[in-house]
Every structure is written in C-alpha cells, then in structure tokens.
Amino acid sequence: MGLVREKIKTLAKAAGIYSHIKTRKDRTYRRLRDSNLAVHAGIRWIMDIPYRQIRDLSLEIQEAKILEEIQNQMEKEHEKDADYRPGASSPLNLKALYLLCRTLKPETVVETGVASGASSFLILSALERNKKGALHSIDLPPEQWKGTDYACLDQVSLPKGKKPGWLVPPELYSRWNLISGDSRKELPKLLEQIGALDLFYHDAEHTYEAMRREFHTVWPSIRSGGVLVSDDVTWNPAFAEFVQEKKREGCAKRWFGFGMIRKK
Ligand SMILES: C[S@@+](CC[C@H](N)C(=O)[O-])C[C@H]1O[C@@H](n2cnc3c(N)ncnc32)[C@H](O)[C@@H]1O
C-alpha cells in the first residue's frame with residue numbers, strides 16, 4: 001500500500017471513521033459490479049442520452065421480468081439435464097442489448113451466436129416494444145459444433161430435445177429470421193440480401209480470426225449512427241485492434257467483456 005494511503009488509513013482509524021470509509025468503499029465496488037451502473041454509464045455514453053431515459057427503460061425490463069423468465073427456464077432445464085450449459089450472455093450484457101435496441105430503435109439487427117436464445121429474446125422484446133425492426137440471427141447447427149475452434153474454446157450445449165433459440169416465445173417469431181449455418185458463409189450472404197443494418201451483435205466463435213472476420217465483414221454495412229457490439233472481447237485482441245483501426249470512424253466503449261463501437 002502507498003505511503004499516503006497508509007497515512008490516511010492511520011488518521012482515519014485515529015479519528016474513528018475508518019470502518020465507515022471502508023464500508024462505503026466496499027459498497028461502491030459492489031454497486032459498480034452488481035447494480036448495473038457500468039451498463040447505464042456505457043449506454044448513456046455511447047447513445048448520448050439523459051440518465052432519466054436509461055432509468056425508465058431499466059424499470060421497463062424489471063417490470064417485464066424477462067431476465068427472471070430466462071433464468072427460471074434455464075434452471076428448470078438444468079434440473080432435468082445436469083450437463084446443460086446455456087453459455088448465455090450475462091444478465092448485464094442482456095440488459096445492455098435491450099437498452100441499446102430501445103434507444104437506437106433499429107430497423108435491422110443482426111446477431112451471430114444464438115444457442116438457447118437469451119440474447120435473441122431480449123433483442124426481440126425490445127423491437128416489439130419499439131413496434132418496429134427485425135432480427136436476423138445466425139447460428140451453427142449443434143451437430144456441427146464438434147471439432148470446431150469454437151468447441152475447444154467455449155462450453156455451450158442445448159437441453160436435450162431443444163432447438164437453438166428455444167427460449168424465444170412464439171409471439172416474438174414474426175420479427176425473427178433464424179438462419180442455421182456457419183457465419184463464414186451466412187453472414188456475407190445475409191448482408192447482400194439486407195443491404196444495411198443498425199446493430200450487430202457478435203456472440204459466436206470467439207477466436208481471433210472469427211471475431212476479426214465478422215467485425216470487418218459487417219462494418220461497411222452498418223448505417224451511420226449504428227452500433228457494433230461484441231461479447232467476450234477480452235478473449236483475444238480482435239476487438240481492441242478493430243477499435244484502434246476504426247477510431248476515426250466511430251466512438252467505442254467497453255466494460256468487463258462487453259464492447260461497443262458506434263459509427264459516426
Ligand atoms: C455463447 S453461445 C451464444 C449465446 C447467445 N448469444 C445467448 O445470449 O444466449 C455461442 C453460439 O455461437 C454459435 N456459433 C459458433 N460458431 C459459429 C459460427 N461459425 N457461425 C455461427 N454460429 C456459430 C454456436 O452454435 C453457439 O450457439
């Protein structure tokens with residue numbers, strides 16, 4: 001510990017306020033980690049919107065109880081099948097996706113990596129609230145997982161008898177185009193069909209090559225003001241390098257393993 005900090009600690013102890021300071025500091029860390037402050041700050045910064053709007057939208061997610069529903073459904077399946085590994089985006093990242101969709105009001109969203117469909121569920125719920133937009137999701141069929149780089153890096157499975165995206169309720173299907181295939185082939189094909197997009201979410205193969213390829217493939221098709229988002233950006237330098245390369249074309253924000261870059 002630094003000399004100055006040690007001195008402050010000694011003085012605080014002598015004044016009888018050390019435990020108070022320590023508790024406040026612990027509480028602040030806990031709040032930063034658990035209470036979504038990082039998410040709120042990140043979305044506010046990237047979307048340049050007032051705090052009030054973020055707070056209201058946060059309440060909207062709480063009231064809709066989508067995160068709880070996802071958790072309950074996954075737990076239920078886990079009780080039946082102990083080998084089930086959802087590999088879903090974290091609740092904080094799911095919340096960020098919802099907030100991004102509600103504030104950006106995208107016409108077109110593309111995601112790679114569906115698995116049980118937690119991120120698809122949140123994105124589609126936000127589009128439904130916006131009353132506009134469509135989500136195109138690309139997911140590798142489970143029978144093709146074995147032997148890929150992805151299978152070595154991550155541990156994801158579906159509950160027995162369930163298909164990719166099983167978490168998504170049928171009432172949200174009308175805005176959803178679920179494509180079964182490898183993003184290497186399917187992503188360029190899809191971009192040719194849709195022309196442009198407002199939001200891209202990468203949560204598929206987290207190798208350096210695959211992440212770099214997907215970022216560079218979608219970036220030219222992202223509309224001005226649109227956002228490229230990636231989960232697990234700390235797994236390799238692909239996102240950091242991409243941001244460095246594109247820093248003149250967009251502004252970026254990162255927290256924990258979640259990265260966003262918004263095109264000017
Ligand atoms: C981490 S999971 C996705 C979790 C999901 N985003 C969620 O929040 O529930 C990763 C998914 O990426 C898919 N995937 C891996 N490599 C892929 C590829 N080359 N093309 C398309 N999907 C791929 C796998 O099939 C798997 O379902």
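Both faces of strand E1 are covered in this predicted model. Thr 108, Val 110 and Thr 112 lie on one side and Val 109 and Glu 111 on the other, and all are buried. A residue counts as buried if 20 or more other C-beta atoms lie within 10 Å of its own, as exposed if 12 or fewer do, and as partly exposed in between, with C-beta atoms placed from the backbone. Five of the five residues of E1 are buried, so the strand is largely enclosed by the rest of the structure. Helices (H or I, at least four residues) and strands (E, at least two) are DSSP runs, numbered from the N terminus. Residues are numbered from 1 along each chain as its sequence is written. Because the model is predicted, local features need pLDDT of at least 70 and side-chain atom pairs count only at pLDDT 80 or more, while totals for chains, interfaces and linings use all residues.

The protein chain has 11 helices and seven strands. Of its 264 residues, 37% count as buried. Among contacts in the protein chain with a separation of 6 or more, 78% come from residues 24 or more positions apart; two residues are in contact if their C-beta atoms, placed from the backbone, lie within 7 Å.

Seven strands form an open sheet with mixed pairing, in the order E3-E2-E1-E4-E5-E7-E6. Strand E3 (176-180) and strand E6 (250-255) stand at the edges with a single partner strand each, so one side of each is left without a neighbour in the sheet. From one strand to the next, the twist averages 15°. Two strands are taken to pair if DSSP finds at least two bridges between them. Strands of a sheet pair through backbone hydrogen bonds, either parallel or antiparallel.

Strand E1 (residues 108-112) runs parallel to E2, and five bridges join the two. In this pairing, Val 109 stands opposite Leu 135 and Val 110 stands opposite His 136. E1 also pairs with E4 in the parallel sense, over four bridges, and here Val 109 is opposite Leu 199. Strand E4 (residues 197-202) is mostly covered, with six of its six residues buried. The pairing of E4 with E5 is likewise parallel and comprises five bridges; His 202 stands opposite Ser 230 in E5.

Helix H6 (residues 91-104) has 14 residues and reaches 20 Å from its first C-alpha to its last, close to the 20 Å expected at 1.5 Å a residue. The expected span is 1.5 Å times one less than the number of residues in the helix. Because 13 of its 14 residues are buried, H6 is largely enclosed by the rest of the structure. Lys 105, which follows H6, has a positive phi, near 50°. Helix H5 (residues 66-80) contains Glu 69. With 14 C-beta neighbours inside 10 Å, Glu 69 counts as partly exposed. Glu 69 and Leu 167 are 98 residues apart in sequence, and their C-alpha atoms are 9.2 Å apart in space.

The ligand is surrounded by 25 residues, of which the closest are Gly 113, Ala 115, Ala 118, Ser 119 and Ser 183. Helix H7 (118-130), strand E2 (134-139) and helix H9 (183-194) are the elements that give two or more residues to this shell. A residue is near a molecule or strand if its C-beta atom, placed from the backbone, lies within 6 Å of it. By class, the shell has 11 nonpolar, eight polar and six charged residues. Ala, Val, Leu, Ile, Met, Phe, Trp, Tyr, Cys and Pro count as nonpolar, Asp, Glu, Lys and Arg as charged, and the others, Gly among them, as polar.

Most residues other than glycine have a negative phi. Ala 115 is not a glycine, yet has a positive phi of about 50°. Ala 115 is found in the loop between E1 and H7 and is buried, with 25 other C-beta atoms within 10 Å. Asp 232 likewise has a positive phi, near 55°. Asp 232 is found in the loop between E5 and H11 and is buried, with 21 other C-beta atoms within 10 Å.

Key. Axes fitted to C-alpha atoms, helices over the stretch in contact; angles between N-to-C directions.
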